[in-house]
Amino acid sequence: IKKTKHRKRAEGVYYTTFAPFGYKKIDKVGNLEIVESQAVLIRRIFNMFLSGKGTYQIATLLNEEKVLPPGLQMDMNTVKNYMTNTTDKWRHGTIRRILENPFYIGDCVQNKTSTISYKSKKRFRNSQEDYVVFKNHHKPIIDIETWNKTQTILKNRKNTKIRDTDVLLKGLVYCSHCNAKYVFLTRVHKNKNVPNTVTKYMNCVYRGKAIENKRCDSKYRIYESFEKQVIEEIDKVIEFYSKNLKNEKICQEFKKTYDLV
């Protein structure tokens, strides 16, 4: 059955219960039709993003206008049956997923996740090499020029908020086991006899979790000692190159700038 579905996907059959927001399935084979009322909103989101608004700003604006999020607009039972205080709210992650979804330029990407066996409902993410991509599968909502501009902006923007409490290496450290980003945590140690002490830790976002059917077994580290090691290595590199600069004047300026004189 899996082999048959994989072959059918390669032929363009769309094996999904729900079509993405903006489309609806019109038959069992997976032929799609644009839902124009939703497509108008998708085009507006892309236009707002290209005009300079961020994903948080767009989500806030749609919430202020009381626009229903995709799950409720699509009348999905999985959303309606498990309503929470935020079910009817747009989130910045929802906006970003729309902006990054190639489905809106007519490309169908399938086989992103798999199960270990038919006995298990647990899914793991496949590597991109195993994705089944079918170009020009359906009628696009977004033109290719708008798409390319959007992806360029998304690629150049940092996917993190900048705060005064952020550590120096935030967004720059990746796991050597699974290549995922590290997250940085702060823990306050409370003691009746000693004032509260704060320790910063760094940890792989997938530590102890399965990704691409592999478990990440990386260990957490204390951030301060790691940052010190990184700075020491940078200093060594700077010192090495400063000693090997041929231009004596530039060498002296370089040493003075980095306090190596």
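Guide: Let us start with burial: a residue is called buried when its relative accessible area is under 20%, exposed when that area is over 50%, and partly exposed in between, with a 1.4 Å probe and protein chains only. At 4% relative accessibility, Phe 103 therefore counts as buried. Please keep in mind that this is a predicted model, in which local features need pLDDT of at least 70 and side-chain atom pairs count only at pLDDT 80 or more, whereas totals for chains, interfaces and linings use all residues. Residues are numbered from 1 along each chain as its sequence is written, and side-chain values use heavy atoms, with hydrogens and water left out.

Visitor: How many aromatic pairs does the structure hold?

Guide: Rings of Phe, Tyr and Trp (its six-membered ring) pair if their centres lie within 6.5 Å, and planes under 30 degrees apart count as stacked, over 60 as edge-to-face and the rest as tilted. By that rule the structure holds four aromatic pairs. One of them joins Phe 21 and Trp 90 edge-to-face, with 6.5 Å centre to centre and 75° between the planes.

Visitor: Where in the chain do Phe 21 and Trp 90 lie?

Guide: Helices (H or I, at least four residues) and strands (E, at least two) are DSSP runs, numbered from the N terminus. Phe 21 is in the loop between helix H1 (2-10) and strand S1 (23-25), while Trp 90 is in the loop between helix H5 (77-80) and helix H6 (92-100), so that this pair links distant parts of the chain, 69 residues apart. Phe 21 counts as buried at 5% relative accessibility, and Trp 90 counts as buried at 3%. Tyr 23 and Phe 103 form another edge-to-face aromatic pair, with 5.3 Å centre to centre and 75° between the planes. Because Tyr 23 lies in strand S1 and Phe 103 in the loop between H6 and strand S3 (108-110), the pair ties together parts that are 80 residues apart in sequence. Tyr 23 counts as buried, at 4% relative accessibility, and together Tyr 23, Phe 103 and Tyr 104 form one aromatic cluster.

Visitor: Which residues of H7 are buried?

Guide: An α-helix has 3.6 residues a turn, so residues three or four places apart point the same way. In H7, the buried residues are Thr 146, Trp 147, Thr 150 and Leu 154. They cover an arc of only 100° around the axis (the arc of the directions from the helix axis to the C-beta atoms), which puts them on the same side of H7. On the other side of H7, the residues Ile 144, Glu 145, Lys 155 and Asn 156 are exposed.

Visitor: What is the phi of Lys 66, and is this residue buried or exposed?

Guide: The phi of Lys 66 is near 60°, a positive value in a residue other than glycine. Lys 66 is found in the loop between helix H3 (55-64) and helix H4 (70-73), and counts as exposed at 73% relative accessibility. Asn 136, which is not a glycine either, has a positive phi of about 50°. Asn 136 is found in the loop between strand S6 (132-134) and helix H7 (144-156), and at 66% relative accessibility Asn 136 counts as exposed.
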